Amino acid sequence: MKVRFYSAVLSLALIGTSVSVDATSKEDLLKEQQEVESRLKETERSQNQTSEKLILTKQERKEARAQLNEVNSRLDDLALKIADQQAAVAASKEQLRLTEAAISETLKELHQQEELLGSRLRAVQQKGDVKYIEVLLDAKDFGDLISRFSTVSEIIKQDDHVLQAYKGNVKQLSEQRSEQALLLESMKREQRKLLVLQTRIIAESELKRKLVVQLNTKVKELQQEQFSKAEEAEILADQRRLIQNELIALQEAERKAKEEAKRKAEEAARAAEARRQAEAAEAARAAEAKKKKSDASSAEPTIPEVESPTATPEQPADAVTSRPFHLPVQGYVSSPFGPRNNPLTGKPEIHKGIDLVNAKGTPIHAAAGGIVLRAGSATGYGNVVMVTHLIDRQVYTTVYAHLDSISVSAGQTVMPGETVGTLGTTGWSTGPHLHFELHKGEWAVGQPNAVDPAPYIF
């Protein structure tokens, strides 16, 4: 932002000298007012664009969060299904174990029955019905034959029942085991499908989460940019108010100058009239004296006018020294003006000022007389005071940053060496120090006018 305060009033306020108001000063102020208005409109337009981007990004973040919640909900439902499936698999495994235990128990019972039947049942299983025929042929008579036949028939029935029951139980249990094994395998396949689906949904959730994180970062950056734009607009508005005040002061000075010129003109007119009347009276006296033919020697001698001494104009003040600023605080320079690595980020940058280290609370003094442009907090600067100076018709701006406290207010006139605050470590700071900037011109976004303060300080 460019604001050149060339008015006599501002010059008087800044450096304590009296200069006459001229048209050039007013024209310069009006020109700078237009430039500040243009920059303020540009900043407001940029701020509106940032606000629009912020609204769109917030909406995009809202949608991404909704999608993330939906994916996480699906993931939660799937987790429940997987848990149920795992429980079913565990139950199926337990059922298969019980089935195999039942088969083992059935085989054990059948083996015990076989032992109870003795060698007869084993013979029947091994040799078929030969033993039964021999039993019948050994009958003593018909009655014994009938008795033996009934007994053999009953034994055959019992043997057949035992064998059929054995085969049936073994078959049933084997079928159960096969069915249970197939069911268990099917459950395992379904479980593997669910686990694969879970992996995919987790990957989708991670992508959505990363998108939300990116949008959160973007929102923060836009909010910071919006905040910075608002601060820039405030500084521009402060400059505009300062110019308007100086224009009002110029107008008032012009009004008083016109009134003074009018008063002097009226006084000159009255003096001229008095001289005319005096000359007329003198001419009348001379004419009357001639009529009386008075002696030439008795004529009144003419009194010569005594010229008033010409005022010697004041000699112009000596040219302003090339070192017009005082050191605002004593201390060693921890970081000079110029290239360096940022102590917070480690990235290379151009340091736009000098860092002076001293104890927290040490008074900070105005490097020269001027008007306080800004006194408050600002991003990066922390608590900061900006002062505008006019020295030899050149505008300068000094910046005193990271202050612990501020003792002046915007619009206030400060004298050289006057306390503006105390040293601190607010804002982007790694320890107590004063960050001091000197701008040859006005403070502007990006600090394009910043110069090394060292050659200007004595």
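Reply: Two residues are in contact when they have heavy atoms within 4.5 Å of each other. The model is a predicted one, in which local features need pLDDT of at least 70 and side-chain atom pairs count only at pLDDT 80 or more, while totals for chains, interfaces and linings use all residues. Numbering starts from 1 along each chain as its sequence is written, and side-chain values use heavy atoms, with hydrogens and water left out.

The residue is S205. It lies in helix α4, which covers residues 142-291; helices here are DSSP runs of H or I with at least four residues, strands are E runs of at least two, and both are numbered from the N terminus. Setting aside residues up to four places away in sequence, S205 touches L68, V71 and N72. S205 has a relative accessible area of 12%, so it counts as buried (under 20%; exposed is over 50%, partly exposed in between, with a 1.4 Å probe and protein chains only).

For the protein as a whole, buried residues account for 31% of 458. Of the contacts between residues at least 6 apart in sequence, 71% join residues at least 24 apart. The secondary structure amounts to four helices and 13 strands.

Some of those strands form an open sheet of three, in the order β5-β11-β9, with antiparallel pairing (two strands pair if DSSP finds at least two bridges between them). Its edge strands, β5 (363-365) and β9 (405-406), each pair on one side only. Two bridges join β9 to β11 (residues 419-422) in the antiparallel sense, and I406 has G421 in β11 as its bridge partner.
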